[in-house]
Amino acid sequence: MESRIEFLSIDAWWQWHTELLQSMLNRIYSRVPFYRKLLDKEGIDPSSITNIEMLSVLPFTTREDIANNYPYDFFAVPLRDIVRIHTFKSSHTSPVVIGYTKRDLENRRFLTERFMKNCGVGPEDIVQICLDPGMAVWSLEMKEGAEGLGALVIPPDPLSAKDRIKIMRDFKSTVLVTTPSYALYLLSLTEEQGLGPEDLSLRIGIFIGETLKQRDRTRLELGFGLKAYVGYGIMEAIGPIMAYECGVSRGLHLCLDHVIPEVIDPDTGDTIFDGVGELVITTATTKANPLLRFRTGDMTRITREVCECGRTTWRMEPVSGRSDNLLCIRGINIDPQLVYRLLADQTGGFDLKALIVLRRRHFLEEIELWVAIEEAIFIDSLPRLHQWIRRVENKVEEYIGLRCRVRPVERCTLDSYLSKGEDIIRIED
Amino acid sequence: MLSIKNLHVSYGRLKVLNGVSLHIDEGEIVALVGANGAGKTTLMSTIAGLLHARQGEIQFDNQLINRLSSDKIVKLGISLVPEGRQIFAPLTVKENIELGAYHRFKDRQAVKNDMKEVFELFPRLEERKNQIAGTLSGGEQQMLAIGRAFMARPRLLLLDEPSLGLAPIILDSIMRSISELNKQGLTILIVEQNAIKALDISSRAYVIETGRIILQGPSSDLKEDPDIIRAYLGKDYEKITDR
């Protein structure tokens with residue numbers, strides 16, 4: 001279903017966004033302690049913001065701000081109106097906490113449904129969701145979106161990839177929801193088993209959490225016999241489908257009825273109208289946790305030209321990188337500092353030299369932690385050393401939602417990388 | 001059809017509207033809800049040209065109407081049913097209705113046809129057409145005020161607190177008539193303290209609080225919004241954890 005709002009004129013969007021920004025500012029100024037202090041500090045009276053172009057004079061919000069205002073100072077409604085809270089690990093002292101009212105959850109579900117319906121998902125479909133545990137929140141939302149359309153849903157279960165392919169064949173899944181890297185991994189397994197598109201029933205691939213490169217898209221579409229659609233979202237607001245591809249597949253339509261996006265120079269903070277920069281979003285309809293000029297860290301470009309599909313919603317290009325040091329691994333954003341902090345917790349604060357290694361094997365990126373053998377952790381008992389390693393691995397997995405392999409290495413091995421200023425290595429197997 | 005950008009309106013030094021922006025598309029019923037003193041009637045009066053804004057713009061069909069007099073605004077197609085009805089009490093029902101078409105009285109046949117339409121919409125007014133307006137009941141006066149506004153052949157009808165002082169059963173009847181007018185193509189902006197009734201008949205709504213818009217959205221969403229209930233009961237929360 002194409003809702004009328006996605007086809008508004010430029011003038012209508014200007015008016016709409018001006019109204020949404022003004023009412024959002026009025027709300028956050030009177031109800032969110034953090035924003036009241038921030039706007040007062042900047043000397044900004046909400047009623048002085050007369051149009052959407054003035055967005056650029058408003059201050060930014062970062063993940064650090066949200067973590068530092070734990071637990072309540074970012075909420076715009078009383079706790080009684082909040083029906084769900086998601087918590088995300090952060091490298092700061094407190095977790096990042098995002099609350100949702102009933103209306104916020106309904107909006108998220110609506111956006112997911114709208115995207116899936118646009119992809120052609122319907123009551124006759126069998127939707128198989130294959131996302132890592134670290135993407136549990138989005139798994140839930142994709143599940144709810146598909147169920148809202150009447151489809152049969154197979155949510156992620158702790159099955160092996162081979163078992164997932166078996167389920168896909170036996171239950172004739174028609175829709176695959178996963179990250180591009182996991183889809184390539186599944187494809188490689190089906191090819192090993194001698195399966196082709198005629199052996200599967202897939203017709204739609206919904207890819208979220210990572211950028212889908214053109215050559216990978218072609219490979220997946222030919223290999224699985226499906227049409228690929230990409231969705232984009234951030235954990236802190238709106239949900240997995242803040243932007244999505246239409247059938248034309250030239251960029252992702254941003255949900256302008258729920259967010260006001262812009263692109264900035266990450267170093268200066270200046271707005272960029274035509275060029276690649278960091279995506280910044282202002283939530284327009286979020287009640288519990290509105291965000292003003294939230295810096296996503298994702299680098300992209302926005303085009304305001306009308307799409308061939310007729311939609312006038314702005315489109316963002318696929319994310320080309322990060323402006324910060326967060327790593328995106330299989331759809332999960334990981335702060336390297338969090339990993340190093342977890343390691344330090346296991347060494348009683350001893351400053352152990354370590355290096356994060358991202359190893360790409362069978363299309364999937366795996367995270368390893370190379371740890372220098374030091375006397376502090378050198379344990380004169382192999383079982384005890386293995387126990388220590390398992391403890392660190394489990395702790396990291398608990399926090400980031402991905403398996404992490406810890407490898408003790410010689411100090412000189414690490415030094416050869418660290419001396420070149422490299423603190424993260426990528427290896428292609 | 002109507003777009004309002006950053007309206008600031010004051011009574012002397014008392015600022016009543018503080019940067020209000022909203023829009024109404026053709027064919028919609030849009031509600032503006034808010035507690036007593038929020039600025040609803042001030043906004044209606046400003047659109048109708050009875051008050052002038054200090055700052056901001058009002059555009060009707062892409063034409064700036066901020067500085068126009070109220071009679072010119074009526075001729076453009078905006079008609080106000082004021083708060084408290086304000087019918088001409090010493091005149092008859094028929095005379096009140098005729099006065100609504102004052103700016104086009106030369107077109108007698110058209111005026112006659114329109115009056116017939118008003119009586120079809122409100123048969124009770126036809127029964128009492130020669131009765132003195134001041135002797136009508138509250139509900140009948142409201143019907144008369146709407147009928148009078150309709151005679152101006154508006155494209156946008158502004159309804160200011162139509163529920164004021166009306167019994168629920170009469171109010172339901174008035175609201176049905178308003179919906180009927182909308183189905184016939186009339187765009188409506190309705191301002192109401194009775195938020196539920198306004199949200200029932202409108203497709204979209206704005207919530208105004210102390211002269212500022214704080215919320216907008218589909219009326220079906222706002223009906224369940226706790227902020228609306230709090231705004232009306234005058235309740236606020238003292239602590240975030242108030243349950």
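1. Chain A contains eleven helices and 22 strands, where helices (H or I, at least four residues) and strands (E, at least two) are DSSP runs numbered from the N terminus. This is a predicted model, in which local features need pLDDT of at least 70 and side-chain atom pairs count only at pLDDT 80 or more, while totals for chains, interfaces and linings use all residues. Residues are numbered from 1 along each chain as its sequence is written, chains are lettered from A and ligands numbered from 1 in the order in which they are written, and side-chain values use heavy atoms, with hydrogens and water left out.

2. Along its principal axes, the C-alpha trace of chain A spans about 70 × 60 × 40 Å. Of the 429 residues of this chain, 58% count as buried, a word that here stands for under 20% relative accessible area (1.4 Å probe, protein chains only).

3. If we take contacts (heavy atoms within 4.5 Å) in chain A between residues at least 6 apart in sequence, 65% of them join residues at least 24 apart.

4. Turning to the partner chain, 29 residues of chain A are in contact with 29 residues of chain B. The area buried between the two chains, meaning the accessible area (1.4 Å probe) that two parts lose on being put together, summed over both, is about 2500 Å², and carbon and sulfur atoms give 44% of it. On the chain A side, Glu19(A), Arg31(A) and Arg80(A) lose the most area to chain B, together 22% of what that side buries.

Notes:
Buried means under 20% relative accessible area, exposed over 50%, partly exposed in between (1.4 Å probe, protein chains only).
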